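Subject: Structure handover

Hello,

Here is the structure I promised to pass on. Please open it first, then read the notes below.

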Amino acid sequence: MKNIAIIGTGYVGLVSGAGISDFGHKVTCVDISKNKIRLLNNNKIPIYEPGLDELVKKNMSKGRLIFSSDIDNAIQNNEIIFIAVGTPQKENGEADLSYIESVSEVIGENLNNYKVICTKSTVPIGTGNHIIDTIKKYNKKKIDFDYVSNPEFLREGSAVKDFLWPDRIVIGTEKQSTFNIMKEVYRSLIINNKSLVHTNVPTAEMIKYASNSFLALKVSYINEIANLSEVLGADIHQVAKVMGQDGRISPKFLHPGPGYGGSCFPKDTEALVSLSKKEGIQLKTVEAAIEANIFQKNHMVKKMKKLMGGDFSSKKIAVLGLAFKPNTDDVRESASIDMIQEIINAGGSIKAYDPIANISMSAIFPDIDYYESWEEACKDADGVVIMTEWNEFRGLSLEILKSLLKEPVLLDTRNIFSIEKLNEFNFRYDNVGRKHL
Ligand code: UDX
């Protein structure tokens with residue numbers, strides 16, 4: 001069993017730390033935020049992620065998972081150091097590598113014996129070399145170390161499942177001996193025959209960006225086809241379903257919606273485009289995916305405005321779903337932000353409800369009204385827009401919804417309601433790529 005330190009207890013670091021300790025390794029998760037570490041040591045998980053609570057508690061109680069704010073000590077006393085700090089987006093679209101930079105310095109300063117340094121954070125292709133150089137610069141005693149890129153493919157809302165049952169594990173390292181050490185880390189998964197891929201560092205870094213950008217592109221593509229379908233009388237559900245029956249296409253990520261959000265697609269597509277521009281290489285497809293996504297978010301606002309008779313002023317609109325997707329409290333880049341902002345700008349007011357993301361959204365919109373149930377949010381509203389496909393909304397009674405609303409007006413940006421039912425209850429409705437008024 002290995003002794004491992006994970007620097008950064010964001011959702012990648014925390015899920016990876018809990019998952020790796022579950023394989024039997026001894027893991028120390030560290031963070032500069034003393035508050036976060038205090039919360040974690042008091043059994044409080046700072047993010048909402050299904051299954052994470054149980055996984056953390058189980059491994060803490062077995063003594064395999066500990067939390068600390070002593071980064072120096074964690075580096076000195078462990079043999080594998082994972083870097084899992086944030087790489088937020090800068091104004092110009094590039095990834096902000098300042099946290100990576102400072103962690104690399106600290107690692108260099110604290111090297112006291114041979115270690116494997118492994119980056120899990122999503123970093124632009126080529127960053128590996130920079131991390132190695134920075135560690136070397138601060139590694140005054142010239143202690144030997146090796147570097148690995150081990151990108152994560154965790155989806156928020158199913159990150160624990162994705163970690164414990166991955167489609168693939170990518171280990172980017174030039175050396176076979178380092179690959180063998182990393183193989184030991186993931187031994188439990190390899191026993192289950194999960195595909196372990198050995199690449200060089202830039203290839204591993206590229207796999208991450210290429211995968212996320214491709215998925216973003218797929219979503220933007222189906223959104224555009226949905227927009228065209230609806231004006232031509234085609235039904236996007238059937239179009240997407242049958243497209244997905246072609247094994248070369250696959251049915252996944254073909255659900256049209258209000259535009260992708262979250263902490264990865266928007267940031268990673270921008271970072272890849274920015275990198276391609278620097279290198280003088282065209283990346284027109286990814287640029288188009290970004291543009292189509294901006295259009296899509298705006299298109300939803302226009303649809304809602306049209307349903308409301310062309311004007312939001314003095315209208316009370318219920319917004320159901322604030323998170324960028326279900327099963328997370330993350331609202332970063334969520335299409336609901338654009339919707340809320342535009343309604344407010346046009347003089348309307350918001351009655352918001354999300355099963356768990358009310359608090360996160362209140363950091364962005366502190367002055368709108370938040371409710372504890374969809375029923376309260378919809379009561380006396382002039383219309384309702386569904387922004388996130390929470391299961392709770394899929395099952396809601398259209399009869400009750402209609403009785404609560406002042407007017408039966410509904411925009412279903414996730415296509416969760418049956419058109420037949422909406423017609424049966426005489427809703428004035430719209431959706432994405434299906435029948436509409
Ligand atoms: C993504 C990648 O899937 C994951 O592998 C990577 O590690 C991090 O980025 P995540 O951002 O958690 O994960 O969410 P994901 O499930 O991929 O959805 C991203 C966005 O696309 C969401 O806003 C979602 O609503 C939207 N989406 C997804 C669609 O609109 N339609 C789809 O068919 C799929």
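L228, V231 and L232 make a nonpolar surface patch of about 330 Å². Patches are made of residues with over 30% relative accessible area and no salt bridge; like charges are joined within 9 Å, and nonpolar side chains (Val, Leu, Ile, Met, Phe, Trp, Tyr) within 5 Å. Accessible areas come from the Shrake-Rupley method with a 1.4 Å probe, and for residues only the protein chains shown count as cover. A salt bridge is a side-chain nitrogen of Lys or Arg within 4 Å of a carboxyl oxygen of Asp or Glu.

A word on the source. This is a predicted model: local features need pLDDT of at least 70, side-chain atom pairs count only at pLDDT 80 or more, and totals for chains, interfaces and linings use all residues. Residues are numbered from 1 along each chain as its sequence is written, and side-chain values use heavy atoms, without hydrogens or water.

V231 sits in helix α10. Helices (H or I, at least four residues) and strands (E, at least two) are DSSP runs, numbered from the N terminus. V231 counts as exposed, at 60% relative accessibility. Buried means under 20% relative accessible area, exposed over 50%, partly exposed in between (1.4 Å probe, protein chains only).

S220 is also found in α10. At 4% relative accessibility, S220 is buried. Beyond its neighbours within four places in sequence, S220 is in contact (heavy atoms within 4.5 Å) with Y260, A289, A292 and N293.

Next, helix α11, residues 236-244. I236, A240, M243 and G244 are buried there. Down the axis of α11, these buried residues fall within an arc of 95 degrees, so they line one face of the helix. The arc is that of the directions from the helix axis to the C-beta atoms. The buried residues of α11 pack against α10. On the other side of α11, Q238, K241 and V242 are exposed.

Helix α6 has buried residues too: T127, G128, I131, I132, T134 and I135. Their arc is 165 degrees, so they line one face of α6. Their packing partners are β4, α5, β5, β6 and α10. N129 and K137 are exposed on the other side of α6.

Last, two loop residues. K142 lies between α6 and β6. K142 is not a glycine, yet has a positive phi of about 55 degrees. S250, between α11 and α12, is not a glycine either and has a positive phi of about 70 degrees. Most residues other than glycine have a negative phi.

Best wishes
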